[in-house]
Amino acid sequence: MPILAESYTVIAPDLLGHGESAKPMGDYSLGAYASGLRDLLGVLGVERATVVGQSFGGGVAMQLAYQHPECCERLVLVASGGLGREVSWLLRAMSLPGSEYLMPLIFPALARNIGAGIDQFLQARGLRFTRMAEMWQAYASLVDAANRVAFVRTLRAVIDPGGQSVSAMDRLYLAARMPTLIIWGDRDSIIPVSHAHAAHAAIPGSRLAILEGSGHFPHAEQPLRFVEVLSDFLATTEPSSLGVRDFRDLLKTGGSRASSS
């Protein structure tokens with residue numbers, strides 16, 4: 001973000017139920033998150049933006065572009081959910097009924113504290129394993145009861161024991177007139193890289209960048225390469241000016257206009 005902020009205004013909110021944001025009992029669906037982002041942009045006085053979403057955030061980004069195309073100049077999907085059924089067995093297991101009652105045993109505070117100590121020890125010696133650190137950060141957050149509740153509600157909105165339960169594949173033609181970049185790591189063990197290729201094929205004119213050696217967190221694992229790819233995309237594409245009327249026309253034609261352009 002500091003590199004991007006040298007040339008752009010960067011807004012990186014903690015979504016409701018995540019990070020330092022509130023974790024109320026409420027609606028944790030993709031639609032609710034998209035509406036929340038629209039409201040945030042409105043409060044900040046930002047009319048349109050390039051929307052970048054990673055993993056679950058990719059699903060939120062696509063939902064925002066679907067519900068409120070007038071807010072989106074470009075769409076960037078990073079190891080995004082919502083593009084196929086496959087997802088890691090661990091997330092499928094966590095969606096099982098009753099899993100929230102086992103989480104206090106699986107994610108004890110003692111383990112978090114030990115892990116934090118190990119991480120500090122390694123960093124003090126100049127060692128950092130980024131992919132492991134990102135996974136550990138997610139693990140450690142589930143020690144907190146409020147985080148667990150919000151996590152389970154969010155997870156079950158998009159994943160069931162069989163895999164991802166929400167797919168945007170039948171609506172991706174709507175993104176044909178919006179500049180779209182797909183970034184994925186070729187070693188992603190959470191969501192397979194095959195989803196990137198399928199989405200790229202489904203969105204006419206989209207760009208695809210596969211970062212060799214990266215896993216599910218390419219923005220953290222290879223930040224300089226990530227910024228290079230994203231910056232080139234921003235510099236060489238014109239922002240979308242799609243409005244609600246344009247989107248309605250796309251829906252009426254069922255994508256035939258997009259496929260012929």
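Colleague: Leaving aside its neighbours within four places in sequence, which residues is Arg-156 in contact with?
Modeller: This is a predicted model, in which local features need pLDDT of at least 70 and side-chain atom pairs count only at pLDDT 80 or more, while totals for chains, interfaces and linings use all residues. Residues are numbered from 1 along each chain as its sequence is written, and side-chain values use heavy atoms, with hydrogens and water left out. Taking contact to mean heavy atoms within 4.5 Å, and leaving aside the neighbours within four places in sequence, the partners of Arg-156 are Met-94, Ser-95, Leu-96, Pro-97, Gly-98, Ser-99 and Glu-100.

Colleague: Which backbone atom does the side chain of Arg-156 reach?
Modeller: Arg-156 belongs to helix 7, where helices (H or I, at least four residues) and strands (E, at least two) are DSSP runs numbered from the N terminus. Between Arg-156 and Leu-96 there are 60 residues in sequence, and their C-alpha atoms are 8.6 Å apart in space. A polar contact is a pair of N or O atoms within 3.5 Å; within protein, one must be able to donate a hydrogen and the other to accept it, and residues adjacent in sequence count only if both atoms are side-chain atoms. At 2.8 Å, the side chain of Arg-156 reaches the backbone oxygen of Leu-96.

Colleague: Why does Arg-156 count as partly exposed?
Modeller: Buried means under 20% relative accessible area, exposed means over 50%, and partly exposed lies in between, with a 1.4 Å probe and protein chains only. Arg-156 therefore counts as partly exposed, since its relative accessibility is 33%.

Colleague: Where do the buried residues of helix 1 fall, seen down its axis?
Modeller: In helix 1, the buried residues are Leu-30, Tyr-33, Ala-34, Leu-37 and Leu-41. The arc is that of the directions from the helix axis to the C-beta atoms. Seen down the axis of helix 1, its buried residues fall within an arc of 100 degrees, so they line one face of the helix.

Colleague: What covers the buried residues of helix 1?
Modeller: The face of helix 1 turned away from its buried side carries the exposed residues Gly-42 and Val-43. As for the buried residues of helix 1, what covers them includes helix 2 and helix 7 (145–156).

Colleague: In which sense do strand 1 and strand 2 pair, and over how many bridges?
Modeller: Strand 1 (residues 49–54) has a covered face formed by Ala-49, Val-51 and Gly-53, whereas its uncovered face holds Thr-50, Val-52 and Gln-54. Two strands pair if DSSP finds at least two bridges between them. Ala-49 stands opposite Cys-72 in strand 2, and Val-52 has Val-76 of strand 2 as its bridge partner. Strand 1 and strand 2 (residues 72–78) pair in the parallel sense, over six bridges.

Colleague: How many residues of strand 2 are buried?
Modeller: Strand 2 also pairs with strand 5 in the parallel sense, over four bridges, and there Leu-75 stands opposite Thr-180 of strand 5. Strand 2 is mostly covered, and the buried residues number six of its seven.

Colleague: What is the phi of Ala-79, and is that residue buried or exposed?
Modeller: Ala-79 lies in the loop between strand 2 and helix 3 (89–94). Most residues other than glycine have a negative phi. Ala-79 is not a glycine, yet its phi is positive, about 45 degrees. With a relative accessibility of 0%, Ala-79 counts as buried.

Colleague: Which backbone atom does the side chain of Glu-221 reach?
Modeller: Glu-221 is part of helix 9 (residues 218–221), and its relative accessible area of 18% makes Glu-221 buried. At 2.8 Å, the side chain of Glu-221 reaches the backbone nitrogen of Gly-215.

Colleague: What share of the 261 residues of the chain counts as buried?
Modeller: The secondary structure of the chain comes to twelve helices and six strands. Among the contacts in the chain with a separation of 6 or more, 75% are between residues 24 or more positions apart. Of the 261 residues of the chain, the share that counts as buried is 40%.
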